[in-house]
Amino acid sequence: MNNFLKKLVLITGGSSGIGLAAAKLLPARGANVYILARRPDVLQNALREIEQSAISADQHFGVLAADISNLEQINAKLYDFAATTGTPDLLINSAGVTQPGQFEKQDPELYRWMMEINILGMMFV
């Protein structure tokens, strides 16, 4: 998609890292950008950064606070979003977590947590 003018973009993991970097680039191309992440306070800070890249007063930006690994929560948020804002023209699934360390020394629950977010979370969205 080369032309982002007036396109609706939803970015998971949009409050930090690669997701935030993408979210900050797209407004300069005319996109309406919404970011989704778990922490409302971090989302609000990221939103202020994203809004600074706007090129038009009629662009729209917003946040959705949700845990993508929670199917019921993410379904409710996304149904609400689609009903009030519309269906995104582009979804960037950037949410993800990692915990560096030696495999055999990691708690198995850590791997469950990473899989719930990195795999199931992407599928749920």
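Residues are classed as buried when their relative accessible area is under 20%, exposed when it is over 50%, and partly exposed in between (1.4 Å probe, protein chains only). The model is predicted, so that local features need pLDDT of at least 70 and side-chain atom pairs count only at pLDDT 80 or more, whereas totals for chains, interfaces and linings use all residues. Residues are numbered from 1 along each chain as its sequence is written, and side-chain values use heavy atoms, with hydrogens and water left out.

Within H1, the buried residues are Gly19, Leu20, Ala22 and Ala23. Viewed down the axis of H1, the buried residues fall within an arc of 160° and so line one face of the helix; the arc is that of the directions from the helix axis to the C-beta atoms. The exposed residues Gly17, Ile18 and Leu25 are carried on the face of H1 turned away from its buried side. Cover for the buried residues of H1 is provided by elements including S1, S2, H2 and strand S4 (90-93), with contact meaning heavy atoms within 4.5 Å.

Three salt bridges are found in the whole structure, each defined as a side-chain nitrogen of Lys or Arg within 4 Å of a carboxyl oxygen of Asp or Glu. Asp58 and Lys6 are paired at 4.0 Å, N to O. Because Asp58 lies in the loop between H2 and strand S3 (61-65) and Lys6 in the segment before S1, this pair ties together parts that are 52 residues apart in sequence. Lys24 and Glu49 form a salt bridge with their closest N and O atoms 3.0 Å apart, linking helix H1 to helix H2 across 25 residues. Arg112 and Glu109 meet at 3.3 Å, N to O; Arg112 is partly exposed, with a relative accessible area of 48%.

Conventions:
Helices (H or I, at least four residues) and strands (E, at least two) are DSSP runs, numbered from the N terminus.
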